[in-house]
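Let's take a walk through this protein together, with the sequence and the 3D view open side by side.

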Amino acid sequence: MDLRGKNAVISGGATGAGGAGSIAYAAAGAHVAIIDINLSAAEERVREIEAAGGRAFAVGADVSVAADVEAAAGAILDRFGGRVDTLWNHAGTVVVKDFLDTTEADWDRLMSINVKSMFLVTKAFVPAMLSAGRGTIVNTSSISAVAGTEKEVLYCTTKGACHMFTRAIAIEYRSRGLRCNAVCPGFIRTPHGLRELDALRAQGVAVSEEDIVRLQGRICEPEEIANVALFLASDASSFVNGETVFADNAMLVGT
Ligand SMILES: NC(=O)c1ccc[n+]([C@@H]2O[C@H](COP(=O)([O-])OP(=O)(O)OC[C@H]3O[C@@H](n4cnc5c(N)ncnc54)[C@H](O)[C@@H]3O)[C@@H](O)[C@H]2O)c1
């Protein structure tokens, strides 16, 4: 899982599993560009990486907004001399609501943050990968792409789209040296994961600590997702393409 000499872009690389990924990618030798709406947290990650001897920089952007992505991609491509070897589309969030309370504004917002962002960010960096004749893309999907969760019709729909985006990109660009895979976590101990669990519990969904143990043995740590992304980003996964790799400690196979 070696990324020495590689230029990596991680959206949502400031906190949670993306933050762990920024650190893991840099430790594997990559020069990491973090794109995140939370610029101060992204800069904190950069300081941590530099203190450990790695290389990284942060760019603030809302990845659901085309103009933000265009500006961020321009700055990153300049800094990287036009070469991007690997992209992790990790930025995302969740809406936990009864289906009938879900508004059109909720729908448009979450589809923009979780789905349109992958379109915008991938489109911004694929030309550089095509010029080089190689590149890897990782998308963060979820068990929610295939397992329906109560109060998460909208969220599950965004992750279903992420699955198909991954497969279709993989097949469109296979012959030109690109690979695209998804990492699909169960519940992770991140700000997003803990917020989601609180919101589900508040709405009566059975995800108590005992339920998490029954479903996936224990909560997943952010580094465990970062390592899957790192594998998919690196040449160690050279013949893995178009896959949706579940990291859920057998939750899905056990249900
Ligand atoms: N935590 C879980 O239990 C879990 C499970 C499955 C999938 N996921 C997926 O992981 C991602 C959430 O990440 P996390 O769990 O590491 O939590 P997190 O909330 O710590 O990380 C998300 C990162 O994305 C950034 N971000 C959010 N919206 C953004 C935007 N519009 N533009 C730019 N950056 C933005 C945040 O600032 C943050 O740094 C989502 O894609 C989510 O669907 C999480």
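Start with helix α4, which bends by about 45° at Ser-112. The bend at a residue is the angle between axes fitted to the seven residues ending there and the seven starting there. Helices here are DSSP runs of H or I with at least four residues, strands are runs of E with at least two, and both are numbered from the N terminus. α4 has 29 residues and reaches 41 Å from its first C-alpha to its last, close to the 42 Å expected at 1.5 Å a residue. That expected span is 1.5 Å times one less than the number of residues in the helix. After α4 comes Gly-133, with a positive phi near 75°.

Before going further, a word on what you are looking at. This is a predicted model, in which local features need pLDDT of at least 70 and side-chain atom pairs count only at pLDDT 80 or more, while totals for chains, interfaces and linings use all residues. Residues are numbered from 1 along each chain as its sequence is written.

Now zoom out to the whole chain. It holds 8 helices and 7 strands. Its radius of gyration is 17 Å, close to the 18 Å that the globule rule gives for 255 residues, so the chain is as compact as a globular protein of that length. The radius is taken over C-alpha atoms, and the globule rule is 2.2 Å times the number of residues to the power 0.38. Along its principal axes, the C-alpha trace spans about 50 × 40 × 35 Å.

How much of the chain is buried? Of the 255 residues, 47% count as buried. The cut-off is 20 or more other C-beta atoms within 10 Å of a residue's own; 12 or fewer makes it exposed, anything in between partly exposed, and the C-beta atoms are placed from the backbone.

Next, look inside. The largest nonpolar core has 75 residues, and Tyr-25, Val-32, Ile-34, Phe-125 and Ala-229 have the most contacts inside it. Such a core is a set of buried Ala, Val, Leu, Ile, Met, Phe, Trp, Tyr and Cys residues joined through C-beta atoms within 7 Å. Leaving out residues up to four places away in sequence, Tyr-25 touches Leu-3, Ala-8, Ile-10, Ala-30, Val-32, Leu-230 and Ala-233.

In helix α2 (residues 39-51) you will find Ile-49, which is buried because it has 23 other C-beta atoms within 10 Å. Not counting residues up to four places away in sequence, Ile-49 touches Ser-22, Ile-23, Ala-26, Val-32, Gly-54 and Ala-56.

Which residues come nearest to the ligand? Of the 27 around it, they are Gly-12, Gly-16, Gly-92, His-192 and Gly-193. A residue counts as near if its C-beta atom, placed from the backbone, lies within 6 Å. Helices α1 (16-27) and α6 (191-202) each supply at least two residues of this shell, and the largest share, 4 residues, comes from α6.

Let's finish towards the end of the chain, in the segment after β7 (244-247), where Asn-249 is found. Most residues other than glycine have a negative phi. Asn-249, however, has a positive phi of about 50° although it is not a glycine. Ala-250, also in the segment after β7, has a positive phi near 70°. Why does Asn-249 count as partly exposed? The reason is that 18 other C-beta atoms lie within 10 Å of Asn-249. Ala-250 counts as exposed because it has 12 C-beta neighbours inside 10 Å.

Key:
Two residues are in contact if their C-beta atoms, placed from the backbone, lie within 7 Å.
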